Amino acid sequence: MSQSIPQHPGQRENIETRLFINGEFVPSLSGSKFDLYNPATEELSASVYEAGPDDVDRAVAAAKAAFPAWSETGALQRAHLLEKWADRLEACADEISYLDAICMGKPAYNDHFGRFMAQFVRVYAAKALDITGESSLNTPGFVNVSLRQPFGVCGAIVPWNGPVVTMIFKAAAALVTGNTIVIKSSEKAPLSCLVAARCAQEAGFPPGIFNMLSGFGRPCGEAIARHMEIRKISFTGSTATGRAIQKMAAESNLKSVTLELGGKSPLVIWDDADLSKAVPAAAMSILTNSGQVCVASSRVYVHEAIASQFLEQLKTTMTEMGKSGHPLIPGTTRGPQADAAQFARVQGYLDLAKQDGVSVYLGGAREGDKGYFVQPTILKDVPEESRLMKEEIFGPVVAVNTFTNEEDVMARANDSEYGLYASVYTRDISRALRAAKKFEAGTVGVNCTSPTMAFDMPFGGWKGSGEGRELSRYATDYWTELKSVLIAL
């Protein structure tokens, strides 16, 4: 990439690299740091303090000390502080986008997730007065009630592909319900979460209720998952890591666990589909964030009658829409893969496709000789039993297969350990509703596909894609304990 890089409006002379514990930025107790490299240039971006188990302990201690006062704070006051946090996040949106660009290559001027940061906080703030129990007069001589109360100290581990937004899903829900929280950001993209911590400080968050650690899964993430003082943990990331966290939680204090994990989302396109909408939606789904999105529609099943037409249009659209560039240049819509490890992972799957003789309809190789760029890729007629159809690639790689029969295509769409998102394009409303009912997925799109979401609808997965829900009126249920109180008259 030899383009001239203009000054980005979010660029700052000093980048915060310390941990945020008990309302202050502090170095790690060990003083250890780890390096971050810009995946577009492979040059050093920053050196960040690495949290270890001792830092987890002091963050938990701060959160525990802050819990009694925070849990007794009125719901509207908690909501007011979240609203102030949203205002500060909105003011720092450019800075957050810049830092994600230099950490994991997300285009700074085309940040699909970043523009919703403040809105998501406000969604949770609006739930403050909805955290209520029930009452019952069904038992003679009693008035019985149920209460929803916070767990206490909670933990969260967030991914690198949407650091601040996924962190907000957890932190805002935890805080509005009266919990305090210790968060570990991803070692691949920790800097934007530290800005969000500064925004919380500027919003007037009481010390200790919100703590942000930068570190690796081992030892920092494991210390959170196993900590005996943490009563609930929420994780977004790979299914393999989710299983490990669930095991650690069970082996420690049986802490409550919410998991939002991987996906291999199917998209079914019928012969009556409006291709002027289906094609760009399919392309956008697999190209957003360079394919590094858990809900990406990476398996497309298109009716045989329109397969040639669909493939040709998809090839043209992905070529145009998927033009890459440096993530800090205006107009760039697709950046590199997040780092060398993620680039190697995608390349491994492309090598597998070639070894197995899979038809590569578009792309299939590295792009350029500097930075971790992968060509937008279409794989055609991939065997259903192939790892290319079963495993999450997490890159701009889509597999397109054909079908003719409804029962057959629905069985193939559901033949996956994952169940995060599924979509169908058709003009037949009955067929669409049959698909919506039959898809084994937490979210179903009808004549739309991922990353389409709604603020007031629950988000989460079936099967190996997780348990628990974020967003909507159900989200706060997963951050509260339920208690029954039996009152004899």
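The radius of gyration is taken over C-alpha atoms, and the globule rule is 2.2 Å times the number of residues to the power 0.38. With 489 residues, a compact globule would have a radius near 23 Å, and the protein agrees because its own value is 23 Å. This is a predicted model, in which local features need pLDDT of at least 70 and side-chain atom pairs count only at pLDDT 80 or more, while totals for chains, interfaces and linings use all residues. Residues are numbered from 1 along each chain as its sequence is written, and side-chain values use heavy atoms, with hydrogens and water left out.

**Overall build**
- The protein has 14 helices and 22 strands, which are DSSP runs (helices H or I, at least four residues; strands E, at least two) numbered from the N terminus.
- Of the 489 residues, 57% count as buried, meaning under 20% relative accessible area with a 1.4 Å probe, protein chains only.

**The seven-stranded sheet**
- An open sheet with mixed pairing has the strand order β14-β15-β16-β13-β12-β18-β19; two strands pair if DSSP finds at least two bridges between them.
- Its edge strands, β14 (359-362) and β19 (443-446), each pair on one side only.
- Strand β14 runs antiparallel to β15 (residues 377-380), and three bridges join them.
- Leu362 stands opposite Ile378 in β15.

**Glu260**
- UniProt, in an unreviewed entry, lists Glu260 for "active site"; such annotations may be inferred rather than shown by experiment.
- Glu260 lies in strand β11 (residues 256-260) and counts as buried because its relative accessibility is 5%.
- Leaving aside neighbours within four places in sequence, Glu260 is in contact (heavy atoms within 4.5 Å) with residues including Phe235, Cys294, Leu420 and Glu470.

How values were computed:
Buried means under 20% relative accessible area, exposed over 50%, partly exposed in between (1.4 Å probe, protein chains only).
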